[in-house]
Amino acid sequence: MEKTLKIGIIGCGGIAHAHMNAYKQIPGVEVVAGADIIPGKARAFLDEFGLTDAKDFESADELLKMDLDGVSVCTYNMQHCVCAVAALKAGKHVLLEKPLCVTMEEAKEIVAAEKESGKILTVGFQPRYGANMKQVKKIIESGALGDIYYVVVGGGRFRGIPGRTFIEKDKAGFGAIGDIGCYGLDFALNSIGYPKPLTVSASSWAHFGKNPDLYPEANRFTVDDDFATAFIRLEGGITLDWRVSWAMHMDTLGDFLFLGTKAGLKIKGKPGMCWDGTAGELTLYYNDENGQPTSKEIPPETEEKSNLFLQKVEAFVTAVREGKPAPIPTSQIIYNQAIIDGILRSSAEGHEVSCDL
Ligand SMILES: NC(=O)c1ccc[n+]([C@@H]2O[C@H](COP(=O)([O-])OP(=O)(O)OC[C@H]3O[C@@H](n4cnc5c(N)ncnc54)[C@H](O)[C@@H]3O)[C@@H](O)[C@H]2O)c1
């Protein structure tokens, strides 16, 4: 009989519910504690799931004194680093919500703490488990596209500023860039094997969030962006053309494109695409056996399991149980964070910057 894994949840807000729902479906896993800095919130959260025996705390440090195998860190972004580092130092494996953190200093601190602890830290990018993202990666890995040299990340929301703590700078740190922009970066970089980013030239705006005529909570909107674009040079002579939108006068920022020396792959742009794992039809452009330029639709592969959140939590649990590496490791996601950091610096300074790696 397998040992029951004991889990704690740090930050008992919106996304903690998805973590709890997933843990509850996995045999041999028990959520035994929750912590939230808002008095009473952890207790109410645990009770909501009938976990009346689970312990509630008002600080992560108190929860981390317990004998736990792992924790989910579900705080807002500005508290990711402090909670993840404390958990690693307390000898717990960590499932950390995306984005990794806010600054590069924090990212480096997390990586150092992980290395020192000998525990794993995996980052919560659930679209990785979706059929579309897996299919795109498989096509690229097959070599069908040849050498990739240009990638475009389209998508973006027509109107979709999330509100709540996402628009408060002291809690979220940044707006659309870190909230859903990190998903687009992960889609592109994971598909092509996470090459190292070299430089970033970016611009960002907040024409919707800060305008009460366009956004009713403008008075609470203290983050600096609701829209951003970047031109990112990657190792291997690859350019990534990235954009993200929480709100714009447009339905989509276009398709996702992967251009290679042998073929090009288009993923039809859909409103909102990428941040939630949904994406459009795939079309391959190439020269046929007679050297004629042609294209063909690639039928979508069906989802093995549709609950991406459950798969993300299961992957963490399996890695902990079997002593495997982190399914979505910091060695990759630090590149994602370095680009975000570059986007913020480049937008503020108005010129291209080198990635801090
Ligand atoms: N993967 C996804 O699909 C997805 C979806 C939504 C949010 N998220 C991520 O999840 C995180 C949380 O988002 P949310 O919507 O749940 O936010 P939220 O504001 O609803 O919840 C965060 C909770 O953390 C608590 N908290 C903050 N600092 C703490 C600390 N030091 N110790 C204990 N508790 C603390 C807050 O009081 C709050 O209750 C964000 O980083 C966000 O990017 C991921």
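Figure 1. Asp-226 is buried, because 29 other C-beta atoms lie within 10 Å and 20 or more is enough to count as buried. The model shown here is predicted. Asp-226 sits in the loop that links strand E8 (197–205) and strand E9 (227–234). Beyond the neighbours within four places in sequence, Asp-226 is in contact with Ile-161, Gly-175, Ala-176, Ala-206, Phe-208, Gly-209, Trp-246 and Ala-247. His-207 is 19 residues away from Asp-226 in sequence. In space, the C-alpha atoms of Asp-226 and His-207 are 7.4 Å apart.

**Figure 2. Strand E7 and its pairing with E10 and E11.** Strand E7 (residues 148–153) runs antiparallel to strand E11 (residues 256–260), and 4 bridges join them. E7 also pairs with strand E10 (residues 238–245), here in the parallel sense, over 4 bridges. Val-152 can be followed to both partners. In E11, Leu-257 stands opposite Val-152. In E10, Asp-241 is the bridge partner of Val-152.

**Figure 3. The shell around the ligand.** The ligand is surrounded by 26 residues. The closest are Gly-11, Gly-13, Gly-14, Glu-97 and Thr-165. Helix H1 (residues 14–25) contributes the most to this shell, with 3 residues. Sorted by class, the shell holds 11 nonpolar, 9 polar and 6 charged residues. Domain 1 (5–126 + 307–328) and domain 2 (127–304 + 338–354) both supply shell residues, so the ligand lies between them.

**Figure 4. Where domain 1 meets domain 2.** The protein chain divides into domain 1 (5–126 + 307–328) and domain 2 (127–304 + 338–354). Their centres, taken over C-alpha atoms, are 27 Å apart. Domain 1 puts 14 residues into the contact, and domain 2 puts in 18 residues. On the domain 1 side, helix H10 (residues 308–322) provides the largest share, 3 residues. That side of domain 1 has 8 nonpolar, 4 polar and 2 charged residues.

**Figure 5. Confidence along the protein chain.** The average pLDDT of the protein chain is 95. A score of at least 70 is reached by 97% of the residues. Among the elements of the chain, strand E4 (residues 70–73) has the highest mean pLDDT, 99. Helix H6 (residues 131–141) has the lowest, 93. Where pLDDT is low, predicted coordinates should not be read in detail.

Notes: Residues numbered from 1 in each chain as written. Predicted model: local features only at pLDDT ≥ 70, side-chain atom pairs only at ≥ 80, totals over all residues. Domains from an automatic or database assignment. Contact = placed C-beta atoms within 7 Å. Helix = DSSP H or I, 4+ residues; strand = E, 2+ residues; numbered from the N terminus. Nonpolar A, V, L, I, M, F, W, Y, C, P; charged D, E, K, R; others polar. Near = placed C-beta within 6 Å. pLDDT = per-residue confidence, 0-100. Pairing = 2+ DSSP bridges. Buried ≥ 20, exposed ≤ 12 C-beta atoms within 10 Å, placed from the backbone.
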